[in-house]
Amino acid sequence: MMPADRNSDSNAAAEALMALMTGEAPASEVKEDGGEKSEVVKEEKSEQLLATAEKTQGDAAASEKKQVDAASQSKTETKGIKRRINEHSSSPSASSTITAPGKPAKTQDEPPAEPKSPPRSPPRKLKRPSAAARRPPPSQQREQHQQQRGNTGSRNEQERRGEQTGFSRSRTYEAAAAQEIQRRSVDSVVRQHYNARPDMGVSARQSSPIIKLKSFNNFIKSVIIKRFARRDDVVLDMGCGKGGDLLKWDIAGIRGYVGIDIADVSVRQAEDRFRKMRRKRFWAEFMAGDAFSMPLTAHIPRDMYQAVFPVDVVTMQFCMHYAFETEAKARQMLENVSRSLRRGGKFIGTIPSSDAIVEHIQKLPPGEKEWGNSVYRVRFFNDPPRDGMFRPPFGHRYSFFLEDAVEDVPEYVVPFEVFRAMAEDYKLELVYRKGFHEVFEDETSEHPELFDIAKRMDVVKSDGTFGIEGDQREAAGFYLAFAFEKLAG
Ligand SMILES: C[S@@+](CC[C@H](N)C(=O)[O-])C[C@H]1O[C@@H](n2cnc3c(N)ncnc32)[C@H](O)[C@@H]1O
């Protein structure tokens, strides 16, 4: 159920929510210093960061090194995290360089501090999930588990059999080495792409040709956050990007946030965005690192890990599909999620829907590998399976182009039933799975107050009814939202 009571606090909160759902600062914040000046400062910063990103382009090795440097710099910067978190918890007025619920750190261009937020409870002691929760089950159990899934001819079952093929596949050293080289190059492309994208200001965003799609997607993310997060939660954002969801989390009333992303420039932009937020009521830490191929403990300093983890929510918005390049990567990603979550905690996210992908594939003329419209385009590298069964279920690479957002970045199909079955191995039970249009229909009919926000966000069609239409509607239908709950174990 949607915790609607949390959002009926005040009209001001609803007002802020509308602005915040767009992923941008509320209008009042932008206007404080004349609007234009804020925008200019923001654009200048973006340009500096973009220049840095461009320098790294075309040099994957330098980029790898840069990431390692950024990660170690991040470690140094966050060394005092435990102390700072404790300071915040015990004294809301304690000063801090980055994290400051109740009293944001002052910088030259920052406005005066906000009123104090309510006192927070002290950080919880580290409660590590049991060893069983951290490991995939023994292969014997896994085989038994798969046999129990039966032998029907349905696509879902066949997807699962594909998973079995993937499990039992023996890999030669050469194949593994070749795969590792490919992984690094794909990761470099992804990192360079997102690093190089400017952090758009409010005005630039408004003139985007896909503004309706962006608003719709932000609306869906906000609805999912509101549905599954609770006040005072601590959140881990894997693939946090430029921090586009920070304001949504503030509205949700969280206590703390840890953001990690492979794109180091994006991470700095996220940090910058957090520093400039006026009304933040939570602490936040950011770090650059690969959250899918390596254990998170490789990036998160030990004292921070001990002070903050396990968290209440792990969020992965529009990024988990990068992990389905290989089984090893998908499993490491799930292990990172499961290890990070407390029992009963939620794992939420948005990904391309394998059902939507299959529907399109089945409509393709023979020999055709791509489809799309004026705002998005999907192009498979190899002939996509016409029967809709991805065997083995990893590495089904396609190139995704989204007008004004993503330019031909390699992504991977996430066969949903394989994902769901694998997640079970990590004590994650599916509690929610809906396509974006279904989320919109169901949540707004269950919670009509959401129409107010949809209206203010201009999630409105040309005939005045709510929703999204035309090519942007088709592009939104490419995605689904999910939520898992961490079980005891
Ligand atoms: C489409 S963006 C989404 C950003 C953010 N979650 C949002 O919704 O605005 C995808 C993000 O996934 C990140 N990403 C891709 N592979 C990653 C990895 N292995 N580890 C961490 N982040 C990764 C990219 O750098 C990029 O910032």
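**Exercise 1.** In which strand does Pro 410 lie, and is Pro 410 buried, partly exposed or exposed?

*Solution.* The model is predicted, so that local features need pLDDT of at least 70 and side-chain atom pairs count only at pLDDT 80 or more, whereas totals for chains, interfaces and linings use all residues. Residues are numbered from 1 along each chain as its sequence is written.

Step 1: Pro 410 belongs to strand β9, residues 406-412, where strands (E, at least two residues) and helices (H or I, at least four) are DSSP runs numbered from the N terminus.

Step 2: Around Pro 410 there are 19 other C-beta atoms within 10 Å. A residue is buried with 20 or more other C-beta atoms within 10 Å of its own, exposed with 12 or fewer, and partly exposed in between, the C-beta atoms being placed from the backbone. Pro 410 is therefore partly exposed.

Step 3: Leaving aside neighbours within four places in sequence, Pro 410 is in contact with Val 186, Val 189, Arg 397 and Ser 399, contact meaning that the C-beta atoms, placed from the backbone, lie within 7 Å. The C-alpha atoms of Pro 410 and Phe 400, which are 10 residues apart along the chain, are separated by 6.5 Å.

**Exercise 2.** Locate the cis peptide bonds at Pro 310 and Pro 392.

*Solution.* Step 1: The bond joining Phe 309 and Pro 310 is cis, with omega about 0°, and Pro 310 is found in the loop between α15 (302-308) and β4 (311-317).

Step 1: From Arg 391 to Pro 392 the peptide bond is likewise cis, its omega being near -15°; the loop that holds Pro 392 runs between β7 (376-380) and β8 (397-402).

**Exercise 3.** Which helix gives the largest share of the shell around the ligand?

*Solution.* Step 1: Of the 20 residues around the ligand, those that come nearest are Gly 239, Gly 241, Gly 244, Gln 317 and Cys 319, a residue being near if its C-beta atom, placed from the backbone, lies within 6 Å.

Step 1: Helix α10 (residues 173-196) supplies the largest share, 4 residues.

Key. Two residues are in contact if their C-beta atoms, placed from the backbone, lie within 7 Å.
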